Every structure is written in structure tokens, then in C-alpha cells.
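This report describes a ligand and the pockets of a protein model. Please view the structure below before reading on.

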Amino acid sequence: MTSGAETFHLTGLAGLGADRLRELLTAAREMGKSPPERSLEGRVVALMFFEDSTRTRASFSIAAKKLGSDVFELAGKGSSASKGETLADTARTIEAMGVDAIVVRVSESGAPRGMAQHVDCPIISAGDGRHAHPTQGLLDLLTFAEAHGRADTFDLSGLTLAIVGDLNSSRVFRSDVAGFSQLGAEVIAVGPPSMAPGSLEAIGCRVERDLDAALEQADGVQMLRVQFERGAGTSMASVREYRAGYALTLERARRMKPGSVVMHPGPMNRGIELDHDVAEGPTEREPDLPRPIILEQVAAGVRVRMAVLQDLVMRSDARR
Ligand code: CP
């Protein structure tokens, strides 16, 4: 069920419902087929990025501009947030200047949902703490569905995605589990107990310690970055030990199911969670390696963000 508050905001994928997910994914799929209409001509989209980003910030900016919108960027450093202004007050201030949507990345889990209670324009989480990264979840769904020929219906039943690594710190993991499970896929969460506690099963995945066992069943694997900036180094015995249990090495990749794909939300730590040769994909010498779709994920990000911006601004207009 889509909650009332989520009808013109996007602060997570949990509880959105399969119909709403398919509606957004279908719109994103169609964005790639013909040049987009400049449906947001004369509009302004605010990008409030209070944490670093390459992919999400650039693709929201490109998406908004492709739809004809202007883009206004605000970073934490150099804004009045550094003087202690609350996120709610910052959002109300930006909205009062006449923006049509606010995209926000912050370190506080759940902050976008809180901001949405204080403004009348769409709030879109571009990643908040460990809580959610909904447009990443959508672009992962779109890329995986396209790779497996399921983008006509976005019914993922019978398919399995393994998500590997530092799951407890990961907003991408939580949004992927929410999205993939609602569309019928099985999600196997793989990591050591310090990074993938059994309690994660409560959100709709199966926790597995043995990466090789998970890869035998998986139609795709999403390798997550070890988040040293969120303290992952302290919960890891050593990089060598971590790699032995949980890295997608060349040897492991060779044993993956035919037709399976390798995903990574980026940025990658090459040589830690993912071998360079696996990220680069099949070669003449290694023709049977699984296909990496990492840059396809990046490209899908623009289509997804175009679809989300257009959908939410139109919904917001309709209720005024
Ligand atoms: N996947 C992702 O959120 O990447 P950025 O941090 O570069 O935006």
C-alpha cells in the first residue's frame, strides 16, 4: 500500500507496493525509448547534498535538466546548516523561494521523512544514513529486470539476488531488499555476523554466511562497498580475512551461474569486495565470466530519476 505521505514524496521503498514500484519502473523504462518531453520546463529542482556523492548528485542534476528544469544546488559546507539550522528549517526556506522538488542526501537516517512533514513540495531521499536510498533501489531493479528480460512486467519471481558485504551499514541494501522482495525475487543477504546480523531477516531477506553457497543459487550479485567511513574497518578482522570469505574474486566469479550478472552501486573498492578483473567482465581468455552491469546501473540512474522527478512534481501539482 502506498501511504498518503508517500504519494508525492519518495523517502523509501518499503511498503510502497508492487503496483507503485511497477508504475515508476515502467515510466523509467519508457524514458529510455524516446527523447524526453521537457515536462519540467520552468521548474526548479533543489539538490541538497550534505554528504559526498558522484553518481546520485550528477544523475539527479542531469535528469532534471533533461526534463527542462533548472537545478539549484546546496551543500552542507557553505550553507547555514553549518550554523546549526535544522533540516526542516532549511527545507522550508528553500521551498519558500519557489522550488518544485527537493532532493536530499543526509547522514541522519529518516531525516527526509521528517522534512516531508514540514513542506508542501516533493521530498526525495537521495540516501539518508543507513535507512534508505530509494532511487538506487529503483535503478537496481530496472537494471536487473532488463538484464533478465523481465522489464515487460517487472515480475521477478523465480529470480534470486545475493547482496554481499557490509549490509548493516547499508541504505542500498535496505532499499534493494524492499524493492526486490515486493516484486517477487528472493534476496540472500551474505556477510559476517558483524556486518549481516540474523536480525536483518525481519526486513524480508534470508541471511547466509557462505558466499559460495549463495552464488550457486544467485541470478545476480550486488557487491556492496566496505564502508570504512561508517566504521566497517572496526568490525572486520582484516582485509585479507574479509576477502577470503566475502569478496567476489575471479575464482568465485568463474563458478557463478550462466547468465548471472554482477552489480555494484558504487563507488567500488577494487581489490577489496570485488576483483578488478570481475568488474571488467568477460575477455577472450575468460569468456564465461558473469556480465558486469555496473555502468548499466549508472545509466539507469538517469532514467529512474527523470521518472521519479516527473511523477512526483505532477502528483504534487495535482493536489494543489
Ligand atoms: N550509489 C551511490 O549512491 O553513489 P554516490 O555516493 O556516488 O552517489
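## The shell around the ligand

The model is predicted: local features need pLDDT of at least 70, side-chain atom pairs count only at pLDDT 80 or more, and totals for chains, interfaces and linings use all residues. Residues are numbered from 1 along each chain as its sequence is written, and side-chain values use heavy atoms, with hydrogens and water left out.

## Atoms facing the ligand

A backbone N or O atom of Arg 55 lies 2.9 Å from a ligand oxygen atom. A polar side-chain atom of His 133 is 2.9 Å from an oxygen atom of the ligand, and one of Gln 136 is 3.0 Å from a ligand nitrogen atom.

## The largest pocket

The ligand sits in the largest pocket, meaning that more than half of its atoms lie within 2 Å of the grid points of that pocket. A pocket is an open set of points on a 1 Å grid over the protein atoms alone, where a 1.4 Å probe fits, with protein on both sides within 12 Å along at least five of seven lines; lining residues have an atom within 4 Å of a point.

The lining of the largest pocket comprises four nonpolar, 10 polar and eight charged residues.

Conventions: A polar contact is a pair of N or O atoms within 3.5 Å; within protein, one must be able to donate a hydrogen and the other to accept it, and residues adjacent in sequence count only if both atoms are side-chain atoms. Ala, Val, Leu, Ile, Met, Phe, Trp, Tyr, Cys and Pro count as nonpolar, Asp, Glu, Lys and Arg as charged, and the others, Gly among them, as polar.
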